[in-house]
Amino acid sequence: MAKTQLGARVDEDVAELAKKRAADLGLSVGDYLARLVQDDASGLRARAVDAAARFLAEHQAVFDDAEEAQQRRGAGAA
């Protein structure tokens, strides 16, 4: 597939985040951005966020219990 060059201006911190995340994934910044756009356009990102929200809604009590237990342990150590 032929590649087209795009230009975009973003805040410096956004540019650094993109560079670091691309490097973490072993991708060029261009390939990383292409992946983000493809995931967004395909609805993959929205489905992932929805799935995460459902998971948290279904299991929030488990996380709350774990956090409370951790706080109790911390208070006992003081």
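# Reading charge pairs, patches and overall form

Visitor: Which residue forms a salt bridge with K3, and how far apart are the closest N and O atoms?

Guide: Side chains of opposite charge can pair when their charged atoms come close. In this predicted model, K3 forms a salt bridge with D31, and the closest N and O atoms of the two are 3.2 Å apart.

Visitor: How many salt bridges does the structure hold?

Guide: The structure holds 2 salt bridges, and besides the pair of K3 and D31 there is one in which the side chains of K19 and E16 meet, at 3.7 Å from N to O. K19 and E16 are 3 residues apart in helix α1, which means that about one helical turn separates them. K19 is partly exposed with a relative accessible area of 47%, and E16 is likewise partly exposed, with a value of 36%.

Visitor: Which residues form a negative surface patch?

Guide: A patch gathers residues that have over 30% relative accessible area and take part in no salt bridge, with like charges joined within 9 Å. Here the negative surface patch is formed by D64, D65, E67 and E68. One of these residues, E67, has its place in helix α3 (residues 44–77), and because its relative accessibility is 44%, E67 counts as partly exposed.

Visitor: What makes up the nonpolar surface patch, and what is its area?

Guide: For nonpolar side chains the joining distance is within 5 Å. In this structure F55, L56 and F63 make a nonpolar surface patch of about 280 Å². F63 is placed in helix α3, and its relative accessible area of 39% is the reason why F63 is described as partly exposed.

Visitor: How many helices and strands are there in the protein, and what pattern does the protein follow along the sequence?

Guide: The protein has 3 helices and 0 strands, and the pattern read along the sequence is α-α-α. The radius of gyration is 20 Å, well over the 12 Å that the globule rule gives for 78 residues, so the protein is more spread out than a compact globule. Along the principal axes, the C-alpha trace spans about 60 × 30 × 20 Å.

Visitor: What separates the C-alpha atoms of A34 and V49?

Guide: Those C-alpha atoms are separated by 19 Å, while A34 and V49 are 15 residues apart along the chain. A34 lies in helix α2 and, with a relative accessible area of 33%, A34 is partly exposed.

Note on methods: Residues numbered from 1 in each chain as written. Predicted model: local features only at pLDDT ≥ 70, side-chain atom pairs only at ≥ 80, totals over all residues. Heavy atoms only, no water. Areas by Shrake-Rupley, 256 points an atom, 1.4 Å probe, with all protein chains shown as cover. Salt bridge = Lys/Arg side-chain N within 4 Å of Asp/Glu carboxyl O. Lys, Arg positive; Asp, Glu negative; His and termini not counted. Charge placed at Lys NZ, Arg CZ, Asp CG, Glu CD. Helix = DSSP H or I, 4+ residues; strand = E, 2+ residues; numbered from the N terminus. Buried < 20%, exposed > 50% of the residue type's maximum accessible area, 1.4 Å probe, protein only. Rg over C-alpha atoms; globule rule 2.2 N^0.38 Å.
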